[in-house]
Amino acid sequence: MKQNKITIIGSGIGGIASAIRLAAKGHKVLVLEKNKVAGGKMGQIKHDGFRFDTGPSLFTLPQLVDELLNIDNSHKRHSFNYKKLENVCRYFYEDGIIINAHAEASEFAGEVATKIGEPKDNIIEYLANAKKLYNATSDIFIFNPLNRALETAKRITPSALKPLLRINPLRTMHRENLRWFKSDHVIQLFDRYATYNGSSPYLAPSVLKVISHLEHNTGAYFPEKGMYNIVEALYHKAVSLGVEFRFGTEATGLIINNNTITGIKTKKEDIKTGIVVSDVDVNTFYRYTGRELTKPRAVKKSSLSSSAIIFYWGMDRTFPELDIHNILFSKDYKGEFDAIFHKKEIFPDPTVYIFISSKVVKTDAPERCENWFVMINVPPLGDKFRKEHINTARQNVIGKIQKVLNINPEMYIRFEEVATPETIQTLTGSFKGALYGNNSNSVWSAFLRHKNHSSKYRNLFFTGGSVHPGGGIPLCLASAGIVEKEIESI
Ligand SMILES: Cc1cc2nc3c(=O)[nH]c(=O)nc-3n(C[C@H](O)[C@H](O)[C@H](O)COP(=O)(O)OP(=O)(O)OC[C@H]3O[C@@H](n4cnc5c(N)ncnc54)[C@H](O)[C@@H]3O)c2cc1C
């Protein structure tokens, strides 16, 4: 096998996973990272005894992380451990209904039947259908390059493909959920999965119901030392395989000779390389890091996923009524998505997500305290994110918590930090702070997503949440697997 000098730009989860895979194959791998630490959107804040994961909080398919940690079969015990959550999420509605989404499907269905009268079988059959759909689509749409979809599909038995052929590609996720469930509460609960890749259930195709399969059938997990421990474990694995990380090093351009990229410019020096893998958000990559290249269609016609405003609150009390993952639903879900994707403004009655890692990781907050990560979905950066807009959003979030939980959080906030689309853009290089690159608000989105191998430059590859197969930890890890396959095949 030919050993290459490979330079990866960006140490997000996709960048580190690619580094591990390529180093394990014997390549010499260098990672350039503009920040002082690894992780990108998966960051952490520590303050006065509190620790917050700044980005992802929902962890599914942990075996993809295990696979990387065991890639060289070194049998050295790695220090990354996680546990399965018994309760996936606690959902709160304004009419006082509370649903505990138990990990076990029949228990979850029982809870929904008792609380709101939705027939148990509706939930059980929906999740079974989502599982079949996932099994039919994952190899084609997640773990392999999309341009080899037909090739991959041929390897799957025709009967396993049936669920994919049966689903109406033009139906939206919301319409699909309307067909399955009687209760508005359950429809809203399953519609919410569209937000897992920054999309709207009223626009995204029904096939995205597979997302609920991951949380409910394969399970939701949490690392024993918090989400950032995923980055730490993978970073140490990469280093042990000989990967070199250069922090505080921003790639500022590419050196191109005869349609081949021969080097990367940084503020300090030019770095020669045989292969480039970019883990930078593609919308940022073509505008800044690799601006020498012609923008492809996926970037010229980009339709961005949602962004977020997050309040990290160190709370001076514990709240037994809350779990690790909590959702306080908006009363007007359609209005919320119209505001995000059409009006491009912050919705006054947002769905509020409260994530409290200290419920599981006791050391994440001082004794008798909690670390609240309070997030609302908003449009990507525009002109409606001035200080007064953020202040109004904060007041609305506090109002919502008071109304639904009967708690005035303001009384207990001991520490506060805020992330906005602007700070997400600055800290992670994500264009306009979009959390998942382009959205999936069209039936064509999966096909229009930027590919993992450049069609023009033979030695340029792309990984991470803004390219195929999409955003979120499992898909970023899948993108690294595809990059490995693509590089091995050149
Ligand atoms: C608030 C929030 C909540 C989320 N919640 C979840 C969740 O619950 N579950 C889930 O699975 N996913 C979630 N996600 C999505 C998930 O975090 C991302 O899909 C994933 O972390 C993206 O990884 P990446 O490989 O694309 O790299 P990124 O994290 O985007 O990192 C890119 C890296 O490249 C660096 N970089 C950029 N430009 C340059 C340059 N020119 N030179 C050198 N370095 C550069 C950046 O500094 C950064 O470190 C969330 C994201 C956010 C922001």
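**Ground rules.** I am working from a predicted model, in which local features need pLDDT of at least 70 and side-chain atom pairs count only at pLDDT 80 or more, while totals for chains, interfaces and linings use all residues. Residues are numbered from 1 along each chain as its sequence is written, and side-chain values use heavy atoms, with hydrogens and water left out.

I next went to the backbone and found a polar atom of glycine 465 at 2.7 Å from an oxygen atom of the ligand, and one of glycine 40 at 3.5 Å from a ligand oxygen. The ligand has 1000 Å² of accessible area on its own, of which the protein covers 95% (Shrake-Rupley method, 1.4 Å probe).

I then listed the shell, taking a residue as near if one of its heavy atoms lies within 4 Å of the molecule. The ligand is surrounded by 37 residues, and the closest are Glu33, Lys41, Asp279, Gly465 and Ile473. Sorted by class, the shell holds 15 nonpolar, 17 polar and five charged residues; in this sorting Asp, Glu, Lys and Arg are charged, and Gly is counted as polar.

Which elements supply at least two residues of the shell each? I found helix H1 (13-24), strand E2 (28-33), helix H15 (421-428) and helix H17 (473-488), with H17 giving the largest share, three residues. Helices here are DSSP runs of H or I with at least four residues, and strands are runs of E with at least two.

**Cysteines.** I looked for disulfides, counted as pairs of cysteine sulfur atoms within 2.5 Å, and the structure holds zero. Cysteine 89 has a relative accessible area of 3% and is therefore buried (under 20%; exposed is over 50%, partly exposed in between; 1.4 Å probe, protein chains only).

Histidine 174 sits in helix H7 (residues 173-180) and counts as buried because its relative accessibility is 17%. Beyond neighbours within four places in sequence, histidine 174 contacts Ile187, Asp191, Pro201 and Tyr202, contact being heavy atoms within 4.5 Å.

Aspartate 364 lies in the loop between strand E16 (352-356) and strand E17 (370-378), and its relative accessible area of 2% is why I list it as buried. Setting aside neighbours within four places in sequence, its contacts include Phe50, Arg51 and Asn371.

Definitions and conventions:
A polar contact is a pair of N or O atoms within 3.5 Å; within protein, one must be able to donate a hydrogen and the other to accept it, and residues adjacent in sequence count only if both atoms are side-chain atoms.
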